[in-house]
Amino acid sequence: MKNIIFLLAIFILGLTSCDNYLDINVDPNSPSSENVTSDMIFPGVEMNLASSYGDFLRITGGYYSQHYAHSFGTSNYVDYSQFKMSATRSSGTYTQLTTRVLNNLETVRQQSEESEEWGTYLAATTLRVFTYQTLVDAYGEVPYTESLDLENISPAYDEGETVYNGILAELDFALSKASTSSVVCTNFLFATSTADEWIKFANALKLRILMRISNVSNVQSELAALVAEDNFPTSDVSFDDCWADETGKANPFYQEEYATYFGSTQINIVANIAYMQTMLESNDPRVAAFFETNGSGEYKGGVSGTNFSTSSTYQSSYFCRPVFEYDMPVYLITVSEVEFFLSEYHARYGTATDAEAHYKAAIEASFSSAGLTGAEDIYTSQYPWNTANYKKVIGLQKWIALGGTNNFEAWCEMRRLKYPEFSDVTGDDIYDEVSAVFSPELYEIGTLYTPIKYNTELGTGKLLQRFKYAESSTSRNSNAPANKGDAVPVFWAE
């Protein structure tokens, strides 16, 4: 833990790189906390959020969504490739999100509420809501109502629906207090001193949450009011323009998978055949934006559930690595994602014309984020709008779009929309580990497949539905519930 003196020294020196704040952790009950302002705390909160959401959750989401497969020669993430998650694997991320993000955000919220700095209060509440949404979407149930009582080492776990209802109320209250001119403390996300962009981000987050629960709760009136207000971000919400090509300052995923700051790096992540072949089949130019070519200048994807350890052919240079640089954004929510939600809203509650318009806008926005043009062929020829099958067309294109920006949210939406679906073809059919025979032509375009080695608790033809409760949360908590099965959906996917 960085002490207060070091925190102040960093602030006074005026360092501008995001990750300089990564290790800041301020105990909100510390006697010295009154001397620490929101301007000092908030950037550290942001970077701890970016570190977990942009690295661990990107990686796991990528494997569970079959955007990623595992490379030859290492086994670091093979369990994710098999649709598994142990109680220990997510513990560090859970601790970072609760201790370094939520606890410190509560300090900012308390300070800003007392001083009636409603712009800062909205910013802190929005990130708090974002974090709890992420935790519920991963674990299903988490401590919420008792979670920030630091003297209580056994907080009760709340049902996911309880948490969602609570954070929606928190977000509504914060939005009611802030105006576009409300002052916001120092922050990396928008680097502005007023609340206008934070209001739009909060609205987009509210849209995501309402749409996520819309199959299990009647929130049509809330959605209608939010859509009618039409005050959403006009550019992707991401941590951008703040990374440096140095140890501890680069994009978290880049530092994990690509950087050579500590010598050579292991190659773990490659494209998955499901994602790769689906884009190649439709001549989707996002392939080149999302993945490098392999050693032979071709686009090839691997298979879930193996690391090709028995092969002398399908080694690390055979498959394609994701395109990634030290300064690439950590996306929290994109314009494309918002437009897909609006398309679904209109398909369910509005008109087919509006649904189609937003569907096209979502794909256009995805292309724009990737620095590309030519989206029209995708939504006119390859995947045209289909009102009768709106979940399928939205599900497939959202899977493709989020594969390049936000793999964790892709996994969430796949569990909710139930698309892409599993085919009868399995990973074993596509690649025989014993003979090392690779038959990519057997893969069925636009589908998922059971990994070669798979999670037997989950079974075949199923996505992992939840993380096991983090050991760092349960080990000393006498109120921790027994884990639900890996095939048991979180409440909004029931």
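## Secondary structure and overall form

Helices are DSSP runs of H or I with at least four residues, and strands are runs of E with at least two, both numbered from the N terminus. Glutamate 197, for example, is placed in helix H7. The model described here is a predicted one.

In this model the protein contains 18 helices and eight strands. Its radius of gyration is 22 Å, close to the 23 Å that the globule rule gives for 494 residues, so the protein is as compact as a globular protein of that length. Taken along the principal axes, the box filled by the C-alpha atoms is roughly 65 × 55 × 45 Å.

## Burial, contacts and surface

Of the 494 residues, 58% count as buried. When contacts between residues at least 6 apart in sequence are considered, 72% of them join residues at least 24 apart.

The charged side chains comprise 30 positive and 63 negative ones. The centres of these two sets lie 4 Å apart.

## Cysteines

A disulfide is a covalent bond between the sulfur atoms of two cysteines. With a pair of cysteine sulfur atoms required to lie within 2.5 Å, the count for this model comes to zero disulfides. Cysteine 185 has a relative accessible area of 6% and is therefore buried, the cut-off being under 20%. Cysteine 412 also counts as buried, because its relative accessibility is 0%.

Cysteine 412 is one of the buried residues of helix H16. This helix spans residues 407-417 and is mostly covered, with 11 of its 11 residues buried.

Most residues other than glycine have a negative phi, and most peptide bonds are trans. Lysine 418, which follows H16, has a positive phi near 70°. A cis peptide bond then joins tyrosine 419 and proline 420, with omega at about -5°. Proline 420 is found in the loop between H16 and helix H17 (427-430).

## Aspartates on either side of strand S4

Aspartate 230 lies in the loop between helix H8 (220-229) and strand S4 (237-239). Its phi is positive, at about 50°, although the residue is not a glycine. Aspartate 230 has a relative accessible area of 56% and is therefore exposed, the cut-off being over 50%.

Aspartate 241 is located in the loop between S4 and helix H9 (252-257). Its phi is near 55°, a positive value in a residue other than glycine. Aspartate 241 counts as exposed because its relative accessibility is 76%.

## Glutamate 197

Glutamate 197 and phenylalanine 232 are 35 residues apart in sequence, and their C-alpha atoms are 8.7 Å apart in space.

Technical notes:
Residues numbered from 1 in each chain as written. Predicted model: local features only at pLDDT ≥ 70, side-chain atom pairs only at ≥ 80, totals over all residues. Heavy atoms only, no water. Rg over C-alpha atoms; globule rule 2.2 N^0.38 Å. Buried < 20%, exposed > 50% of the residue type's maximum accessible area, 1.4 Å probe, protein only. Contact = heavy atoms within 4.5 Å. Lys, Arg positive; Asp, Glu negative; His and termini not counted. Charge placed at Lys NZ, Arg CZ, Asp CG, Glu CD.
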